[in-house]
Every structure is written in structure tokens, then in C-alpha cells.
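Me: I would like to learn how to read a few features of a protein model. Please take them one at a time, with the general idea before the case.

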Amino acid sequence: MSFKIDRGLFKYDFIDHHAILCVPVDADVKEIRKRYLQIARRLHPDSRFTESDEQKQLGNELLSKLVNPAYEKLAGDRTRTEYILILSQIGKRLLQESASLTLTTDLAKELAKSPNFDHVYKSAIAKLAQSQYDSLDQVQQVLAQISELNLVYLMRSASKTSAAPPPPAQPKVQSVTPQPSTPKNTLPEPAPAPPKEDTVVEQYVRRAQSLIDKNQFAQAKVELQDALKLEPKNSRCHSLIAMVYLRQNQLKMAKIHFENALKLDPSDETALQWKPKIDKALAQHPSDHKVTSSANNGDKQPDKSGSGGLFGGLFGGKKK
């Protein structure tokens, strides 16, 4: 069974793990683990003696497809920190688009205008958590409601941060150290520019490039997918993830992302180099572009034909 939710943060093709566990977006690890154990006990098939086999199956799918992945994402320090950074960026973007947002629930509308939004938000989350998984057939509607609250809270938090007053200026202290005189007609050397900090997306790209260099393509793809959620029009991300798909022998996906990269940056060297080769390979082997690599490490499976396959042909493998 697929779980399709089209409200709240889910509307932006984003998996709202906090909504799945029904914990505030600033919940700590202890609170996250406590909530996860409550849900796991509720959904585990062995704890549902009075319900039908169909309900037991639905509970098991909710646990394996939604709840367990959400806990894995939020329980790890690194993955949770990266996820919170993404939420912060989404909150800023939502703030810019607030005029076009449409809220569907009374709770979200109340939160949007409440002066004490932090208290209202956490009270609403705590109340919804009490019955979140009581009716399994209604879980998706409840998740949508919680995610809409998360959306409004992120937007309100971003607004609060942007409205915070700047720190008070420190008094200037006159230096008594004599300064060397500047020769006539000579301009003083400009002060060196402060080092530029990497953006969140640049950090994802840097990690992905490092993983690609180590042939860890599955992990690199995850990093680039997260980057594209933040900046879907980043040509560098499209070009890199196309290379990942290419190395995994998923030629159609590689072609799509190379095309996106060229639309955004017609001078992208990697896309210009590899897209014609992919077009030629797909034209010659229209039925041989399926995935042939391991989902875990991106390594090529042995080619039984001895030809090296499309992947081998593009990267210098054996020829027929």
C-alpha cells in the first residue's frame, strides 16, 4: 500500500518525519525515542489481538514504511542535524510564499494568527499524539493535519528569527598604536575578505562528490536528492546525480538529469560530454537500460554476455 499525503510539508515532495512520529520539530532524542516506542507497541501485529488480519497488515505497513524510517532519520545525530537544517531552509522559503499558502484545518489557522504560537503548537501536537494511530484508516488524514501544523510553525519561527533585532553595537576603542604612513599616490591594500562559509546545498554536494570518488553511489545519490529538495534548479546537483545514475547503469534517469543540467546551464561540461553518449547507447540498446547495479554500493553486476553492457561500453569495458 502506498501512502499519499498532499498537505502540509508533504505537499512539497518532502517526507515530514516529525508528523509521522507526532513530535514537535524541536524534539530531542529522548522525546523522539519515547514516542517511537509508543507507536511501535500500538502498531506491532502481536499487540492487535482483537483486530482483523487486514488491520494488522495495515498496521505493519505503517510501521515498516513510515514509522521505522522516520525514527531512523531523527534518532541519529548527524541525520537529525541535517534534517533540521533542511527544515530551517524550508521555513524561510515558506515565509516568502506565505501570501499564496492555503490552510485547510482550524488548528493550523489558529496557529497562524496566535501570538503565543509556540505554546499553541506544542499543545496541539501533544493532543493529536494521543489518538494519532487509533484509527488506522484515518492515519493519512491525521498526518496531513499534523504536517500542516509543522508548516505553520516553521513559517512562524522563520518570521520570528528574521524579525529579531540586531545585537547592540560594541563601542569603538581608539587605537593608540602608531600607523605606518602611506606613501604619496599609493592606495592602501584592501583588507582580505572573510572566508565564505559553504551553504547547506554546497555541503551536500561536497559530501556527494567525496562519496562518488569512493564509488559509494547509493549514499551519494541520497545526499544529492536532499540537495535538490532545497535547490531544485541547481545545475551542478543535476549533473552530479546524473553521473551517479550513469555509474549505476540507469541511463534513462541519467539522461533526464543531464537534460535538466543543460537547461539550467547550457555550458555544463559534464552534461555536454556524457549526454550524447547516453543518447547513442539508448538508441543502440533500447531495451538494455535497466538497473544492473547493487542498491547498496552501486557496483556493477557481472555481465553474463561478456560485452560489458551499456555501463561497460560507456566507461571502456569489453566490446563485442
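Reply: Start with aromatic rings: rings of Phe, Tyr and Trp pair if their centres lie within 6.5 Å, and planes under 30 degrees apart count as stacked. Keep in mind that this is a predicted model. Here Phe-117, Tyr-121 and Tyr-153 form one aromatic cluster.

Me: How many aromatic pairs does the structure hold?

Reply: A pair of aromatic rings is described by the distance of the centres and the angle of the planes. The structure holds four aromatic pairs. One of them joins Phe-14 and Tyr-83, which are stacked at 5.4 Å centre to centre with 20° between the planes. Phe-14 lies in the segment before helix 1 (17-21) and Tyr-83 in helix 4 (residues 77-96), so this pair ties together parts 69 residues apart in sequence. Both Phe-14 and Tyr-83 are buried.

Me: What are the distance and the angle for Tyr-121 and Tyr-153?

Reply: Tyr-121 and Tyr-153 are stacked, 4.0 Å centre to centre and with 15° between the planes. Because Tyr-121 lies in helix 6 (residues 117-129) and Tyr-153 in helix 7, the pair ties together parts that are 32 residues apart in sequence. Both tyrosines, Tyr-121 and Tyr-153, are buried.

Me: Which residues have the most contacts inside the largest nonpolar core?

Reply: In soluble globular proteins, nonpolar side chains tend to be buried together. The largest nonpolar core has 84 residues, and Leu-62, Val-67 and Tyr-133 have the most contacts inside it. Helix 7 (residues 139-162) gives the most to this core, with 11 residues. Leaving aside neighbours within four places in sequence, Val-67 is in contact with Ile-20, Leu-21, Tyr-36, Ile-39, Leu-43, Leu-62 and Tyr-133.

Me: How many disulfides does the structure hold?

Reply: A disulfide is a covalent bond between the sulfur atoms of two cysteines. The structure holds zero disulfides.

Me: Is Cys-22 buried or exposed?

Reply: Cys-22 has a relative accessible area of 4%, so Cys-22 is buried. Cys-237 also counts as buried, at 0% relative accessibility.

Me: Where is Ser-235 found, and what is Ser-235 in contact with?

Reply: Ser-235 is found in helix 10 (residues 235-247). With 17% relative accessibility, Ser-235 counts as buried, because the cut-off is under 20%. Apart from neighbours within four places in sequence, Ser-235 is in contact with Ala-261, Leu-264, Asp-265 and Asp-268.

Me: Which ring does the charged end of Lys-277 sit over?

Reply: The charged end of Lys-277 sits over the ring of Trp-274, 4.4 Å from the ring centre.

Notes: Residues are numbered from 1 along each chain as its sequence is written. This is a predicted model: local features need pLDDT of at least 70, side-chain atom pairs count only at pLDDT 80 or more; totals for chains, interfaces and linings use all residues. Side-chain values use heavy atoms; hydrogens and water are left out. A disulfide is a pair of cysteine sulfur atoms within 2.5 Å. Buried means under 20% relative accessible area, exposed over 50%, partly exposed in between (1.4 Å probe, protein chains only). A nonpolar core is a set of buried Ala, Val, Leu, Ile, Met, Phe, Trp, Tyr and Cys residues joined through side-chain atoms within 4.5 Å. Helices (H or I, at least four residues) and strands (E, at least two) are DSSP runs, numbered from the N terminus. Contact means heavy atoms within 4.5 Å. Rings of Phe, Tyr and Trp (its six-membered ring) pair if their centres lie within 6.5 Å; planes under 30 degrees apart count as stacked, over 60 as edge-to-face and the rest as tilted. A charge sits over a ring if NZ of Lys or CZ of Arg is within 6 Å of the ring centre and within 35 degrees of the ring normal.
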